[in-house]
Amino acid sequence: MALSSDEKRDFMRDGLHIRRGAVAPDRIARARDLVTAWYRESMNPELISACTQRTFAPELGSHLDLLALFAESPAAELAQDLLGNVRPVSTVQLQIRIPDGQFEQGRPEKAMHVDGVSCPHLDPEELRTFSLLVGVVLSDITDPEAGALRYQPGGHLAMTEWFRTQWSLGITEQVPPDLDTRAGTPFLGRPGDLLLMHHLVPHPVGRNLGPEPRLMAYFRVEHPDHARRRLQALQNPWLDYQGLPQAA
C-alpha cells in the first residue's frame, strides 16, 4: 500500500493523494450506520454551527468502528509512508454537511482556511495544527454543490511562503487575499475513497444544495515531533514529512 515515487512527487506538487475504494465496504457500512443513526436520533439542530467548527457526534469520537477507518485500512500505512512515523490516532472528526432547508438553523459555510490556524472559534494566538489530514468518504459525493470540500492544489506551497514572509502569530486572517477569493477544486468520491491532504493545503466548504447529508470522517495525523515545532512546520512544509525525498 506504499506510495510510488510518482505518487510522492505528485503529493509534493499538489499537497494531496486520493486513493479510490481504499477502505473495505463492511467497515464503511458500520461507520455510516453509526453516523446516520446519530444524525437521525441525537443531533441537536441548535448545535449545528458549533459542530461545524469542531465535530459532529463528539460522543462517537473514540468509537472503535470509526477509528478502524484509519487504523485497520490502508490509511495508517499511507500516512506512515509520508511522515516516516506518526503519533497514535485516538479520535475521529465527523463532518456532516446538512442539506439547505432541512433545518431552520443555517448551515455555516467554512471560508478558505488551514485547520488550526486563526480559527474563528479559537484565540488567534493558539495553534492547533497537525501534519496530515486523512479523510474517509462515508456517503456519495458526486455533486460539487452538495457540500464538497474544495481544496487548492499546490496551496500548501503558497501558504508556506505566506507564513514565512507575511504572517505572524495572532493575525486573524486565515489565508492570503489571493487565495481567499478562489473557489478551490471539489473533492468528489464514493464511500470508501480516501483523501490524504497536507495540513497546509487551504480549503473551504460550501453549502449543501443536494438532497442528502454529506458524511466524512477525518483523522488529524501528527508526526511525533510536530507539537514542539508547530511554528516551524508552518514555514517548512516538509519538516514533518520524513518519508518524502526532499525531507530525507
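Which side chain does a polar contact of 3.1 Å join to that of Arg229? The points below take up this residue and then its surroundings.

1. The model is a predicted one, in which local features need pLDDT of at least 70 and side-chain atom pairs count only at pLDDT 80 or more, whereas totals for chains, interfaces and linings use all residues. Residues are numbered from 1 along each chain as its sequence is written, and side-chain values use heavy atoms, with hydrogens and water left out.

2. The side chain of Arg229 is joined to that of Asp240 by a polar contact of 3.1 Å, a polar contact being a pair of N or O atoms within 3.5 Å, where within protein one must be able to donate a hydrogen and the other to accept it, and residues adjacent in sequence count only if both atoms are side-chain atoms. Arg229 lies in the loop between E9 and helix H8 (230-235); helices (H or I, at least four residues) and strands (E, at least two) are DSSP runs numbered from the N terminus. With a relative accessible area of 12%, Arg229 is buried, where buried means under 20% relative accessible area, exposed over 50%, and partly exposed in between (1.4 Å probe, protein chains only). Beyond its neighbours within four places in sequence, Arg229 is in contact with His223, Leu239 and Asp240, contact meaning heavy atoms within 4.5 Å.

3. Phe130, in the loop between strand E3 (110-113) and E4, is buried with a relative accessible area of 4%. Although Phe130 and Glu222 are 92 residues apart in sequence, their C-alpha atoms are 5.1 Å apart in space. Residues up to four places away in sequence aside, Phe130 touches Asp115, His199, Arg220, Val221, Glu222 and His226.

4. Strand E9 is largely enclosed by the rest of the structure, because seven of its eight residues are buried. Strand E2 (residues 93-97) pairs with E9 in the antiparallel sense over five bridges, and two strands are said to pair if DSSP finds at least two bridges between them. Within this pairing, Ile96 has Leu215 of E9 as its bridge partner. Strand E4 (residues 132-137) also runs antiparallel to E9, to which six bridges join it, and here Gly135 has Tyr218 as its bridge partner.

5. Strand E7 (residues 194-198) is mostly covered, with five of its five residues buried. Leu194, Leu196 and His198 point one way from E7, while Leu195 and Met197 point the other way. E4 and E7 run antiparallel and are joined by five bridges, with Gly135 standing opposite Leu195. E1 is likewise antiparallel to E7, through four bridges, and Arg19 has Leu194 as its bridge partner in E7.

6. Ile18, in strand E1 (residues 16-19), is partly exposed, with a relative accessible area of 26%. Not counting residues up to four places away in sequence, Ile18 touches Tyr151, Phe187, Leu194 and Leu195. The C-alpha atoms of Ile18 and Thr91, which are 73 residues apart along the chain, are separated by 22 Å.

7. A search of the whole structure finds two cavities of 30 Å³ or more. On a 1 Å grid over the protein atoms alone, a cavity is a set of points where a 1.4 Å probe fits but cannot get out, and a pocket is an open set with protein on both sides within 12 Å along at least five of seven lines, while lining residues have an atom within 4 Å of a point. The largest cavity has a volume of about 130 Å³, a volume being the space filled by probe spheres set on grid points that are joined across faces, edges and corners. Its lining comprises 13 residues, of which Gln95, Lys110, His203, Val205 and Tyr218 lie nearest its centre, and E2, E3, strand E8 (203-205) and E9 each supply at least two residues of that lining.

8. The second largest cavity holds about 70 Å³ of space. Of the 14 residues that line this second cavity, Phe130, His198, His226, Ala233 and Asp240 are the closest to its centre.

9. The second largest pocket contains about 280 Å³ of space and is lined by 17 residues, with Ser139, Asp140, Glu212, Pro213 and Arg214 nearest its centre. Helix H2 (25-41) and strand E9 (214-221) each supply at least two residues of this lining, and H2 gives the most, with four residues.
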